[in-house]
Amino acid sequence: MTLTKTVLITGGAGFIGSHLVRLMVNKYPDYKIVNLDKLTYAGNLENLTDIENYSNYEFVKGDINDRNYIDQLFVDYQFDAVIHLAAESHVDRSITNPLSFIETNILGTIHLLQAARNIWKENLTDKLFYHVSTDEVYGSLGETGFFTEETAYDPRSPYSASKASSDHLVRAYYHTYNLPIVISNCSNNYGPNQFPEKLIPLVINNIKNNKTLPIYGDGKYTRDWLWVKDHADAIDVIFHNGKVGETYNIGGNNEWKNLDLVESLCDVVDGLLGREIGTARKLISFVKDRPGHDRRYAIDATKLMTELKWSPSVQAEEGLKMTAEWYLKNTEWLENVTSGSYQNYYSKQYN
Ligand code: NAD
Ligand code: DAU
C-alpha cells in the first residue's frame with residue numbers, strides 16, 4: 001500500500017497514547033505511524049504488543065527534551081503531522097518534583113514545535129501540529145458551571161501550569177509563525193493500560209491486594225470521567241476535521257465525586273471477585289489532602305459535539321466494569337508495572 005502521510009505520535013507507549021496509536025495504525029493503513037517515547041516509568045511497550053509488527057507502525061525510543069535528537073528525527077522522517085501526547089502526567093509527582101514537568105512538558109514541547117517549524121518552513125499545506133492537553137489548565141470550578149474553550153486559564157499545580165504553558169507556546173507558534181496547530185483539552189480519562197498511580201487503577205489494584213483505598217481530603221472533589229477510547233476517537237476526529245488554530249474541549253459529561261466513584265468501583269470489584277458486596281468499601285481511608293487540590297472539573301464539549309459530531313460512546317457503569325475486568329484479567333501487566341520503583345513511589349506518597 002502506498003503511504004500517504006507520516007504521522008509522529010509522541011508518548012505513544014503511555015496510557016492514552018497507546019490507545020491512539022492502536023486506533024491510527026488499524027484505521028489508517030495508508031499512514032505511517034511513528035511512536036516516539038522515552039519509556040519513562042509511565043511508558044510501556046507491553047501496551048502495544050498486538051500491533052508492534054504492523055508494517056505501517058514504527059517505535060523509536062527517544063527523549064523530546066533532546067533538541068538535537070528531535071531535530072534529526074524530523075529531518076530523517078519528514079513528518080507530515082505531529083500528535084503530541086508525551087508528558088509527565090501525574091499531579092502528585094509534579095508536587096514532589098516540579099522540575100521534570102517543566103523540562104518535558106514545556107521545553108520538550110518547544111523542541112517539537114521548533115523542529116516542525118524548521119522542516120515545514122513555508123510549505124505548510126496539509127501539515128498539522130496537534131497538541132493534546134488537559135482541562136486542568138482552566139483551574140477549579142465551584143459547585144456549578146463548566147469549562148468552555150473561552151474559560152480563562154488558571155492552573156494551580158506544577159503539572160497544570162506546565163501544560164498551560166505548553167498550550168500558550170503552541171498558540172504562540174500559530175500566531176507568530178503560522179504553524180498549523182490544533183489543541184484539545186480533555187477531562188479525566190479511565191480505562192485499560194492506565195498506570196496505577198492514578199485514582200481508578202490504584203483503587204482496583206489495592207482492592208485486589210486488600211490494601212487501604214486512600215481518599216484525599218473529604219472525598220467530595222469532582223472529576224468528569226471519559227472512557228479512554230472515546231478520547232482517542234475524539235483526537236482522530238479533531239486531527240482530521242478540526243479547524244487549524246482552534247481549541248476543542250473533550251469531556252464525558254460524567255461527573256463523579258471521588259468518594260462516590262470509589263464506592264461504586266468497590267462494589268463492581270467485589271462483584272467480579274465474588275466477594276460479598278461491601279467488603280471493599282471497608283478499605284476506604286481518608287488521608288491527607290493533595291496540596292492545591294482542584295475542587296471540581298467539568299467540561300462543556302458542545303463545540304466538538306456540534307461542529308465535529310463527536311460524542312462519548314461508553315457510559316460510566318459499563319466503563320467502570322470493563323476497566324475493573326481488564327485489570328483483574330491482566331495480572332501480569334499489573335504485576336510488572338507495580339514491582340520495583342512503584343513500591344518506592346507508593347510508600348513515599350502514602351506513608
Ligand atoms: P502517561 O503518563 O500514561 O504517558 C505519558 C507518555 O509520555 C509515557 O509513555 C512516557 O514514557 C512518555 N514520555 C514522558 N516523558 C517523555 C519524554 N521526555 N520524551 C518522550 N516521551 C516521554 O500519560 P497519559 O495519561 O497517557 O497522558 C497523555 C497526554 O494526555 C499528556 O499530555 C496529558 O497531559 C494529556 N491528558 C491526560 C489526561 C488523563 O486523564 N490521563 C487527560 C487529559 C489530557
Ligand atoms: O483532568 C485531566 C487530568 O486528569 C489529566 O490532565 C492528568 O494527567 C490526570 O492524571 C488526571 O488528573 P487528576 O489529578 O484529576 O487524576 P488522579 O487520578 O490523580 O486523581 C483523581 C482524583 O482523585 C483527584 O481529585 C485526586 C483524587 N485522588 C487521587 C489519588 C491518586 C485520591 O483521592 N486519592 C488518590 O490516591
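Predicted model: local features only at pLDDT ≥ 70, side-chain atom pairs only at ≥ 80, totals over all residues.

Student: Which other residue has a positive phi without being glycine?

Tutor: Asn210 has one, with phi near 55°. Asn210 belongs to the loop between α6 and β8, and at 52% relative accessibility it counts as exposed, since the cut-off for that class is over 50%.

Student: Switching to the ligands, which residues come nearest to ligand 2?

Tutor: Of the 23 residues around ligand 2, the nearest are Asp135, Tyr159, Arg290, His293 and Tyr350. By class, that shell is made up of ten nonpolar, seven polar and six charged residues, and strand β8 (residues 213-216) gives the most to it, with three residues.

Student: Which polar atoms of the protein lie by its oxygens, and at what distances?

Tutor: A polar side-chain atom of Tyr159 lies 2.6 Å from an oxygen atom of ligand 2, and an N or O atom in the side chain of His293 is 2.7 Å from an oxygen atom of the ligand. From the backbone, a polar atom of Leu199 is 2.8 Å from a ligand 2 oxygen atom. Taken alone, ligand 2 exposes 690 Å², and the protein buries 95% of that.

Student: His293 keeps coming up; is it buried or exposed?

Tutor: His293 counts as buried, at 13% relative accessibility, and it is found in the loop between β13 (284-287) and α9 (302-307). Leaving aside residues up to four places away in sequence, His293 touches Tyr216, Tyr221 and Arg223. His293 and Leu308 are 15 residues apart in sequence, while their C-alpha atoms are 33 Å apart in space.

Student: OK, now ligand 1: how many residues surround it, and which are closest?

Tutor: There are 29 residues around ligand 1, and the closest are Ile16, Asp37, Ser89, Tyr159 and Lys163. Tyr159 is also among the residues that come nearest to ligand 2. The ligand 1 shell divides into twelve nonpolar, 13 polar and four charged residues, and β5 gives the most to it, with three residues.

Student: What about polar contacts there?

Tutor: An N or O atom in the side chain of Ser89 is 2.7 Å from an oxygen atom of ligand 1, and a polar side-chain atom of Lys163 likewise lies 2.7 Å from a ligand 1 oxygen atom. A polar backbone atom of Gly14 is 3.0 Å from an oxygen atom of ligand 1. On its own ligand 1 exposes 830 Å², of which the protein buries 97%.

Student: Where is Ser94, and what does it touch?

Tutor: Ser94 lies in helix α3 (residues 91-96) and is buried, with a relative accessible area of 0%. Not counting residues up to four places away in sequence, Ser94 touches Phe101, Ser157, Pro158 and Tyr159.

Student: Last topic: which residues have the most contacts inside the largest nonpolar core?

Tutor: That core has 36 residues, and those with the most contacts inside it are Ile9, Met24, Ile83, Tyr130, Phe239 and Ile250. Elements that give two or more residues to this core include β1 (5-10), α1 (15-27), β5 (128-134) and α7 (228-241). Another core, of 35 residues, lies apart from it, with Trp256, Leu283, Val314 and Tyr342 among its members.

Technical notes:
Residues numbered from 1 in each chain as written. Chains lettered and ligands numbered in written order. Heavy atoms only, no water. Near = heavy atom within 4 Å. Polar contact = N/O pair within 3.5 Å; in protein donor to acceptor, adjacent residues only side chain to side chain. Areas by Shrake-Rupley, 256 points an atom, 1.4 Å probe, with all protein chains shown as cover. Helix = DSSP H or I, 4+ residues; strand = E, 2+ residues; numbered from the N terminus. Nonpolar A, V, L, I, M, F, W, Y, C, P; charged D, E, K, R; others polar. Core = buried A, V, L, I, M, F, W, Y, C linked by side-chain atoms within 4.5 Å. Buried < 20%, exposed > 50% of the residue type's maximum accessible area, 1.4 Å probe, protein only. Contact = heavy atoms within 4.5 Å.
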